[in-house]
Amino acid sequence: MIKINVIAVGKLKEKYLRDAVAEYSKRIGAYAKLNIIEISEHRCADNPSPAEIQQVLTKEGEQIISKIPKGSFVIPMCIEGAQKSSEEFSAEIERLSLTNGEITFVIGGSFGLSDEVKRLGKMKLSFSKMTFPHQLMRVILLEQIYRALSISHNSKYHK
């Protein structure tokens with residue numbers, strides 16, 4: 001059984017997001033061992049300077065890097081990442097389950113991910129050219145992981 005880690009910046013504040021994460025986590029559990037790791041979100045002024053933003057990215061990046069399991073295949077979620085269909089994503093997870101056994105997805109905070117975190121990724125992934133709230137992105141990622149695993153296991157979930 002593949003192990004999937006999701007490292008995410010920030011805690012889920014809204015109940016509906018926590019409920020959705022709990023539901024998809026339960027569903028994923030039939031196919032994989034899921035571990036969600038929350039990293040503290042660093043705050044700055046309302047109109048931060050580029051230096052302040054870089055400081056936040058560096059601090060969050062250090063925390064993220066410290067939580068990545070050794071030997072895990074790292075996939076940062078970032079706008080410059082590749083976009084894949086659900087079927088392509090499923091095939092990628094299936095391939096990685098055979099070669100790596102452990103995948104770590106990384107979702108950044110309000111300002112994204114540090115360059116150091118992005119460089120750790122052997123593959124970068126983007127679900128859209130659009131920008132989504134990082135808390136909602138956790139739900140979207142988990143739904144797509146569940147869909148990908150369902151496709152691999154010939155479930156009726158994906159139509």
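Reply: Contact, or touching, means heavy atoms within 4.5 Å. The model is predicted: local features need pLDDT of at least 70 and side-chain atom pairs count only at pLDDT 80 or more, while totals for chains, interfaces and linings use all residues. Residues are numbered from 1 along each chain as its sequence is written, and side-chain values use heavy atoms, with hydrogens and water left out.

Me: Which residues does isoleucine 36 touch, not counting residues up to four places away in sequence?

Reply: With those neighbours set aside, isoleucine 36 touches Val6, Val21, Ser25, Arg138 and Leu142. Isoleucine 36 belongs to strand S2; helices (H or I, at least four residues) and strands (E, at least two) are DSSP runs, numbered from the N terminus. Between the C-alpha atoms of isoleucine 36 and proline 76, which are 40 residues apart in sequence, there are 14 Å.

Me: What makes isoleucine 36 partly exposed?

Reply: A residue is buried under 20% relative accessible area, exposed over 50%, and partly exposed in between (1.4 Å probe, protein chains only). Isoleucine 36 has a value of 29%, and is therefore partly exposed.

Me: Why is asparagine 47 called exposed?

Reply: Its relative accessibility is 71%, so asparagine 47 counts as exposed. Asparagine 47 is part of the loop between strand S2 (32-39) and helix H2 (50-67). From leucine 136, 89 residues apart along the chain, asparagine 47 is separated by 23 Å between C-alpha atoms.

Me: How do you know that H1 and H5 are roughly parallel?

Reply: Axes are lines fitted to C-alpha atoms, for helices over the stretch in contact, and angles run from 0 to 180 degrees between N-to-C directions. Angles under 35 degrees count as roughly parallel, over 145 as roughly antiparallel, 65 to 115 as roughly perpendicular and the rest as oblique. Helix H1 (residues 15-28) and helix H5 (residues 134-152) cross at roughly 20°, their axes coming within 9 Å. H1 and H5 are therefore roughly parallel to each other.

Me: Which residues make this contact of H1 and H5?

Reply: H1 contributes Leu17, Ala20, Val21, Tyr24, Ser25, Arg27 and Ile28, and H5 contributes Gln135, Leu136, Arg138, Val139, Leu142, Glu143, Ile145, Tyr146 and Leu149. By class, the contact of H1 with H5 has eleven nonpolar, two polar and three charged residues. Here Ala, Val, Leu, Ile, Met, Phe, Trp, Tyr, Cys and Pro count as nonpolar, Asp, Glu, Lys and Arg as charged, and the others, Gly among them, as polar.

Me: Why are H3 and H5 called roughly perpendicular?

Reply: H3 and H5 pack at an angle of about 75°, with their axes 8 Å apart. H3 and H5 are therefore roughly perpendicular to each other. On the H3 side the contact is made by Ser86, Glu87, Phe89, Ser90, Ile93 and Glu94, and on the H5 side by Gln144, Ile145, Arg147, Ala148, Leu149, Ile151 and Ser152. The residues of this contact of H3 with H5 divide into six nonpolar, four polar and three charged.

Me: What makes glutamine 144 buried?

Reply: Glutamine 144 has 17% relative accessibility and so counts as buried. Glutamine 144 lies in helix H5 and touches Ser86, Phe89 and Phe127, not counting residues up to four places away in sequence.

Me: Why is glutamate 92 called buried?

Reply: Glutamate 92, in helix H3 (residues 86-99), has a relative accessibility of 15% and therefore counts as buried. Beyond residues up to four places away in sequence, glutamate 92 touches Lys84 and Met123.

Me: How do you know that serine 150 is buried?

Reply: At 0% relative accessibility, serine 150 falls under the cut-off and so counts as buried. Serine 150 is in helix H5. Not counting residues up to four places away in sequence, serine 150 touches Tyr31, Ser155 and Tyr157.
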